[in-house]
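Please keep the sequence and the 3D view open while reading.

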Amino acid sequence: MTDVIIIGAGVSGAAIARELSRYERKVLVLEKESDVCEGTSKANSGIVHAGHDAVPGTLKARLNVEGNRMMDVLSRELDFPFKRNGSLVLSFEEEGREGLLELLERGRKNGVEGLCIVEPDKLRELEPNLSPDVKAALYAPAGGIVCPFGLTIALAENACENGVEFKLDTTVEKIEKMPVTGEGAGKEGFLYRVHTDKGCFEAPVVINAAGVYADVLHNMVSEKKLHITARRGEYCLLDRTVGNLVSHTVFQLPTKMGKGILVTPTVHGNLLLGPTAQDIENKEATCTTGEGMGKVLEQAAKSLKDLPSKSVITSFAGLRAHEDGGDFVIGEAEDAPGFIDVAGIESPGLTCAPAIGVYVANLLQSIRPAALKKDFKAYRKGVPGMSLATDEEKQRLIKENPAFANVICRCEQVTEGEILAAIHRPLGATTLDGIKRRTRAGMGRCQAGFCAPKTVEILARELSADMAQITKSGKDSGFLVGYNKGYEESREAFVSMEDREEAQA
């Protein structure tokens, strides 16, 4: 039996795992996908919000500002890309000033520093490529950008290094709330038995960080029901050649559906547009749509003079977990002691994640106190990147391992050495997407068109697996399996056609 089970290895689950790893506890993370950062956390804007949007007094408002302030130190400790580039909220009508002033006042109440209204002349100095239709903007110097994969993977790896166990490809099917007595009993005599497709696990405390499925898990143990709506957001990613079109994150005045279509540089030099906001019933519907892509490009073009839409290199969609009450739901379920919900974590959830980790760790200390570890490792080193390394660093890495001289991904200049490092590390990559998120191999202009075969070959070699076993993102996403099946179907159809032709002759 373990002390704490965390369900979900997205950014919230990973942040909680990292904070709990500071204590003398046995912690287990269950994740239904083949890797960490496979759900909402892999498909979002990568924005570190300043904190002026959330309603004062809400958990969103409090944790946004706290999480924002933690990001500088955290990025240095865990070695992931983060940049405090500032943000602008644009108004295209004079009447919109009222909305900007409301955000200004809201931000000040939330404790956001440095907020101010910027007029058109100053705006043109900050962002020369903004649309001439912009009448004013709210400037937030505290805004930033982060790599969402880098943040989530760094948190999870550091938690793993500090003793947290991760079980991936493990789907929770049922949770039983069991009254028990004795040393293993949880608060008020409860123990939770978590049934999965890989067996049963028991703990007195369960932390529900299951994203869009958090309501499903909560409702297994509580009569006080939760309801979460999956809100799909579609994005377009543009090539690095246009990545400097803006230097700040550029928002439009928000609506009840969210912060609208943004334009932002990424920490890796691309330009990102999105997201849309569409409430859907299917919690797995991460497909993009023609309508959604059209809306992203149309709305983003309002913010800029000339949007280079021909520079789009890929599109993607993610699902945000919108809880009916509109705020985060973090705390013990009222009628399920020891069952802690971390639900409804939508924007600004990525920003809030480090603070959510601390919040939940403190909550757990009040329920089941534990001693701090004396040997907690606060620092983690990421995969070395040759494209950003100095000449001296490159020479050192190549001397240590000649594989660092073998370029696999030409678009992003990722070497075999980096791919090997991504595989052979805590929670190492086992899929093509796992390599992509840890090294950026396959994220460039050709979108893995050239490097995928070689990367699959390296994965198979290093994991002692058949190449047909290597997948894009786990489960039924095999490359060679799908190819062979398609080949056989085509061959059978061709043979049947030949038979028909011979019969007709």
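Three strands form an open sheet in the order S10-S11-S12, with antiparallel pairing; two strands pair if DSSP finds at least two bridges between them. Helices (H or I, at least four residues) and strands (E, at least two) are DSSP runs, numbered from the N terminus. The model is predicted, so local features need pLDDT of at least 70 and side-chain atom pairs count only at pLDDT 80 or more, while totals for chains, interfaces and linings use all residues. Residues are numbered from 1 along each chain as its sequence is written, and side-chain values use heavy atoms, with hydrogens and water left out.

- Strand S10 (172–179) and strand S12 (199–203) are the edge strands, each pairing on one side only.
- From one strand to the next, the twist averages 20°.
- Strand S11 (residues 190–196) runs antiparallel to S12, and five bridges join them.
- Arg 193 has Glu 202 in S12 as its bridge partner.
- Helix H6 (residues 214–221) packs on the sheet and touches S10 and S11; contact means heavy atoms within 4.5 Å.
- The direction of H6 makes about 30° with that of S10; axes are lines fitted to C-alpha atoms, for helices over the stretch in contact, and angles run from 0 to 180 degrees between N-to-C directions.

**Helices H2 and H8**

- The axes of helix H2 (residues 59–78) and helix H8 (residues 349–367) come within 6 Å and cross at roughly 95°.
- H2 and H8 are therefore roughly perpendicular to each other, a term for angles of 65 to 115 degrees.
- Residues of H2 in this contact include Leu 59, Leu 63, Met 70 and Leu 74, and among those of H8 are Leu 350, Ile 356 and Tyr 359.
- By class, the contact has twelve nonpolar, four polar and three charged residues; Ala, Val, Leu, Ile, Met, Phe, Trp, Tyr, Cys and Pro count as nonpolar, Asp, Glu, Lys and Arg as charged, and the others, Gly among them, as polar.

**Helix H11**

- Helix H11 (residues 432–439) is mostly covered, with seven of its eight residues buried; buried means under 20% relative accessible area, exposed over 50%, and partly exposed in between (1.4 Å probe, protein chains only).
- Among the buried residues of H11 are Leu 432, Ile 435 and Arg 438.
- The buried residues of H11 pack against helix H5 (148–161), strand S23 (414–415), helix H10 (416–423) and helix H12 (452–462).
- Arg 440 follows H11 and has a positive phi, near 75°.

**Backbone details in loops**

- The peptide bond from Gly 274 to Pro 275 is cis, with omega near -5°; Pro 275 is in the loop between strand S17 (271–274) and strand S18 (278–280).
- Ser 347 and Pro 348 are also joined by a cis peptide bond, with omega about 10°; Pro 348 lies in the loop between strand S21 (336–343) and H8.
- Asp 169 is not a glycine, yet its phi is positive, near 55°; Asp 169 is in the loop between strand S9 (165–167) and S10 and is partly exposed, with a relative accessible area of 30%.
- Leu 427 has a positive phi near 55° and sits in the loop between H10 and H11, where Leu 427 counts as buried at 17% relative accessibility.

**Confidence**

- The protein chain averages a pLDDT of 93, and 92% of the residues score at least 70; pLDDT is the predictor's confidence in each residue, from 0 to 100.
- Residues 482–491 have a pLDDT below 50, and this stretch has zero contacts in the model beyond near neighbours in sequence.

Notes: Angles under 35 degrees count as roughly parallel, over 145 as roughly antiparallel, 65 to 115 as roughly perpendicular and the rest as oblique.
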